[in-house]
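Please consult the sequence and the structure shown here while reading.

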Amino acid sequence: MYHYSYRVFWHEPDKAYFAVVDGVPEFRYISASGDTPEEAVRELGIALEAVFEDYREEGRELPEPQVVAQAG
């Protein structure tokens, strides 16, 4: 199982926190919202589990996360 990175941000127009997956182009449209950062992350986990199940049912491999090199 891959470990995907995500980020959480406040979206003022919606007055909510949003969690999105980073570094996986195939998952760029997957997001979730919540009243707290923790709720947004929890909801993102639920959304990803549904996507993972679809991948399994279709016999597809999950996409690998992109690795971003950091300058030392």
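In this predicted model, Tyr6 stands opposite Val21 in strand β2. Strands are DSSP runs of E with at least two residues, helices are runs of H or I with at least four residues, and both are numbered from the N terminus. Residues are numbered from 1 along each chain as its sequence is written. Because the model is predicted, local features need pLDDT of at least 70, side-chain atom pairs count only at pLDDT 80 or more, and totals for chains, interfaces and linings use all residues, while side-chain values use heavy atoms, with hydrogens and water left out.

**Confidence**

The protein averages a pLDDT of 92, and 90% of the residues score at least 70. The pLDDT is the predictor's confidence in each residue, from 0 to 100. Among the elements of the protein, the highest mean pLDDT, 98, belongs to β3, and the lowest, 96, to β1. Where pLDDT is low, the predicted coordinates should not be read in detail.

**The sheet**

Three strands form an open sheet in the order β1-β2-β3, with antiparallel pairing. The edge strands, β1 and β3, each pair on one side only. From one strand to the next the twist averages 25°, where axes are lines fitted to C-alpha atoms, for helices over the stretch in contact, and angles run from 0 to 180 degrees between N-to-C directions. Two strands pair if DSSP finds at least two bridges between them. Seven bridges join β1 and β2, whereas β2 (residues 16–22) and β3 are joined by four.

The loop between β1 (5–11) and β2 contains Lys15. Although Lys15 is not a glycine, this residue has a positive phi of about 50°.

Which residues does Phe27 contact, leaving aside its neighbours within four places in sequence? The partners are Tyr4, Val21, Leu48, Val51, Phe52, Tyr55, Leu62 and Pro63. Contact means heavy atoms within 4.5 Å.

Val51 is found in helix α1. With a relative accessible area of 19%, Val51 is buried, and this residue touches Phe27 and Ile30, not counting residues up to four places away in sequence. Val51 and Leu62 are 11 residues apart along the chain, and their C-alpha atoms are separated by 9.3 Å.

Ala47 also lies in helix α1 (residues 37–57). Ala47 is partly exposed, with a relative accessible area of 24%. Its C-alpha atom is separated by 15 Å from that of Arg7, 40 residues apart along the chain.

**Salt bridges**

The structure holds four salt bridges. A salt bridge is a side-chain nitrogen of Lys or Arg within 4 Å of a carboxyl oxygen of Asp or Glu. Side chains of opposite charge can pair when their charged atoms come close. Among them are the following pairs.

| Pair | N to O distance |
|---|---|
| Arg7 and Asp22 | 3.1 Å |
| Arg56 and Glu53 | 3.0 Å |
| Arg60 and Glu58 | 2.7 Å |

Arg7 is partly exposed at a relative accessible area of 44%, and Asp22 counts as partly exposed at 28%.

Arg56 and Glu53 both lie in helix α1, three residues apart, about one turn of the helix. Arg56 counts as partly exposed at 46% relative accessibility, and Glu53 is partly exposed at 34%. Arg60 is partly exposed, with a relative accessible area of 44%.

Technical notes: Buried < 20%, exposed > 50% of the residue type's maximum accessible area, 1.4 Å probe, protein only.
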